[in-house]
Amino acid sequence: MSHFKSPLRLSTSLIRQLKQRVRMGSNPLQSHSRSFTSIEGHRPVIVHKRSLDILHDPWFNKGTSFSITERDRLDLRGLLPPNVMTSDQQIERFMADLKTLEHKARDGPSDPNALAMWRILNRLHDRNETMYYKVLIAKIAEYAPIVYTPTVGLVCQNYGGLFRRPRGMYFSAEDRGEMMSMVYNWPADQVDMIVVTDGSRILGLGDLGVQGIGIAIGKLDLYVAAAGINPQRVLPVMIDVGTDNEKLLKDPLYLGLQRHRLDGDEYLAVIDEFMEAVFTRWPHVIVQFEDFQSKWAFKLLQRYRNTFRMFNDDVQGTAGVAIAGLLGAVRAQGSQMIDFPKQKIVVAGAGSAGIGVLNAARKTMARMLGNNEHAFVSAGRQFWVVDANGLITDERENVDPEARPFARKSKEIHRQGLREGASLVEVVQQVKPDVLLGLSAVGGLFSKEVLEALRGSTSTRPAIFAMSNPTNNAECTPEEAFSIVGDNVVFASGSPFKDVDLGNGHIGHCNQGNNMYLFPGIGLGTLLSGSRVISDGMLQVAAECLAAYMTDEEVLKGVIYPSISSIRDITKKVAVAVIKEALDEDLAEGYREMDARELRKLNQEEIEEYVQNNMWSPEYPTLVYKKE
C-alpha cells in the first residue's frame with residue numbers, strides 16, 4: 001500500500017474561498033468583547049424548486065408552517081390547508097398522533113411497538129427533516145432509545161423490509177476503481193461528518209451485511225441532535241464487501257452483495273480507496289468507524305488515525321465512556337479520581353470494545369502514577385481479563401495480539417489460586433474486584449453465581465458495568481445486581497434500564513454508559529478546532545470532562561452518568577475540552593473564519609460561545625426561490 005499523503009491541509013484556493021465568505025454581524029475576531037456570529041445561524045436559503053417539489057423535499061418542507069408570504073412566493077397557495085401553524089403546534093399535533101398510536105398498540109413497550117415507533121419517526125424524517133430533529137431534540141431521552149440503541153439493532157436486523165427511501169451512500173466491492181467519481185454523486189458540497197460501517201459486527205448481533213447502515217443513520221441522528229451538526233452535512237456510509245451471514249446469503253430479498261466477505265489485501269484495498277475518495281472531495285471531513293469486527297477494528301484504526309481525521313467509536317468512544325464511568329465509580333466510593341490506579345478490575349470480554357477499554361484504562365492509571373514505564377507496568381497489574389476460554393494468562397496459545405499485554409503471569413496467578421482458563425466465577429471469587437466490567441456481548445454472563453461471588457469484594461461499594469448492547473446482550477439486569485450483590489452497588493449498562501425501587505424510599509440508580517455522551521462532542525470539538533487528527537489526549541480529556549460533569553452529591557447516590565436530556569450541554573462541554581486539548585497539542589488549524597491563531601486568543605467563556613454558535617438548531621429558514 002502506498003503511504004497516504006495527508007489531505008487534511010486546506011488548499012490555497014479553498015483558503016481564499018473561506019476568506020471571501022460574507023461575514024454576518026460583528027467581526028468575530030475583534031480583540032475586545034468578541035461576538036461570535038453563528039455559522040449555523042438564520043439566513044435565507046435559495047431554493048431552485050417550487051410547488052409540490054418543495055413539499056416533497058424533506059430538507060425544505062415546512063408543511064403547514066409555510067407563511068402566507070412564502071406560499072405565494074413558492075406557488076404553494078391552495079396546496080396546503082389555510083391555517084398557518086407554528087412549529088410548536090406542529091410538534092403538538094405530531095405527538096398527539098403518536099400517543100394515540102402508542103395507546104392502541106396491544107403489546108405495550110415490546111420490540112414490535114419500538115419498531116412501530118421507529119417507523120413513525122422515520123416517516124416524519126422522510127417528509128420534514130427540521131421538524132424531525134426538533135422532536136428528537138425536545139424528547140431526546142424518550143426517542144434516543146428508538147433511533148439508537150437498543151431499537152436500532154432491531155432496525156438493522158429487519159432493514160430489508162423497512163427500507164423505503166435511500167439514505168446515505170453504499171460503496172461495494174463491485175465499485176473498486178470507481179469510488180473517486182462516486183463521491184461526487186452525493187449532492188452536498190460540504191460534508192462535516194461521516195459514520196461508516198462494513199456491517200460485520202453490528203452491536204452484539206454479528207454480521208448483518210448491508211443492513212448495518214441503520215447504525216450509521218442512527219449515530220448521525222445523534223450527531224445532529226446532540227452536537228448540532230447540520231443534517232445537510234452528514235453522510236451515513238455502508239461499505240459492502242459481502243457477508244458471512246448464511247441466512248442473508250440465501251435470502252432472495254437481501255439488498256446487499258450475496259457473496260462471502262472479502263479478506264486480507266482485497267478488503268484493505270476497498271477501505272483504502274474509500275478513504276482516499278471521501279477525503280479528496282471533503283478534506284475537512286471527520287470519519288467515524290462503527291461496528292467493524294475486532295479483526296479489522298484495530299488494524300484500520302492504526303492504519304488511518306495518523307493520516308486522516310478519523311476515530312473508531314467502538315474502540316475509542318466505548319473506552320472513553322467506560323473510563324468516565326470507572327472514574328465516577330471511584331468518586332461514588334467516596335474517594336478521589338486520583339485513586340483510580342488502586343482499583344482491581346475484572347473484565348469479561350476481549351473483543352474490540354473490551355481491549356479498547358483496557359488500553360484506555362491502563363493509560364489513565366499510568367498517567368496518574370507518573371506516566372513512565374514503571375507506571376505503565378504497574379497499571380497493567382490491576383486487570384484480569386476473561387474471554388470465552390477463561391482467564392487469559394501467558395500460558396495461553398494463539399492469544400489475540402491486542403489482548404497479550406493483559407495476559408496475567410502464570411506464577412503470579414497461581415499464588416492467587418487461579419490458573420490459565422479459570423472461569424469468571426473463580427476469578428471474581430479470588431480477586432475480590434472493585435469493578436466487574438462486562439463487554440462480552442453475552443447476555444446473562446453475570447450469572448447468580450458470579451454476582452454472589454462479587455459480594456466478597458474488598459470494595460465498600462463494588463461497581464458492575466454490564467455494557468454490552470442491545471438490551472438482550474447485557475451481562476445482567478439492574479434488578480439482579482441490586483438484589484444479589486446489595487443495595488450499595490454502583491450499576492451501569494450500555495442499554496437503558498429503569499431505576500430499581502429498593503424500598504424504604506431508596507432508589508437503585510441505573511446508569512446508562514452510552515457512547516452518545518462522548519462521540520458527538522469529540523466530533524464537534526475536532527471539527528471546530530480543525531485538528532489534523534484525533535489524538536489520545538483529545539479522547540482522554542473528553543472522558544475526564546464527562547466524569548467531572550456529575551456533582552459530588554449525585555455520585556454519592558450512585559449516579560455516575562448524567563441524564564440524556566442534558567446531552568446538548570454535555571456535548572458542548574466535551575467539545576470545549578477537545579478544542580482546548582487540540583490547541584495545547586498544537587494540532588488545531590481552525591475552522592472557517594476562525595483560524596488557529598485567533599482560536600488561541602479565546603478564553604474559556606469565549607470558546608464555549610464559539611461552540612454554541614456553531615451548533616445547528618432545527619428552525620425553519622426563510623426560503624427564497626431563484627430559477628436555475
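This is a predicted model: local features need pLDDT of at least 70, side-chain atom pairs count only at pLDDT 80 or more; totals for chains, interfaces and linings use all residues.
Local features here require pLDDT of at least 70, side-chain atom pairs count only at pLDDT 80 or more, and totals for chains, interfaces and linings use all residues. Residues are numbered from 1 along each chain as its sequence is written, and side-chain values use heavy atoms, with hydrogens and water left out.

Visitor: Which strands stand at the edges of the open sheet of five strands?

Guide: Strands are DSSP runs of E with at least two residues, numbered from the N terminus, and two strands pair if DSSP finds at least two bridges between them. The order is β2-β4-β3-β5-β6, with parallel pairing. Each edge strand has a single partner, so one side of each is left without a neighbour in the sheet; these are β2 (169-172) and β6 (310-312).

Visitor: In β5, which residue is the bridge partner of Val195?

Guide: Strand β3 (residues 193-197) and strand β5 (residues 286-289) run parallel and are joined by four bridges. In β5, the partner of Val195 is Gln288.

Visitor: What is the geometry of the aromatic pair of Phe383 and Phe406?

Guide: Rings of Phe, Tyr and Trp (its six-membered ring) pair if their centres lie within 6.5 Å; planes under 30 degrees apart count as stacked, over 60 as edge-to-face and the rest as tilted. Phe383 and Phe406 are both buried, meaning under 20% relative accessible area with a 1.4 Å probe, protein chains only. Their centres are 6.2 Å apart with 90° between the planes, and the pair is edge-to-face.

Definitions and conventions: Buried means under 20% relative accessible area, exposed over 50%, partly exposed in between (1.4 Å probe, protein chains only).
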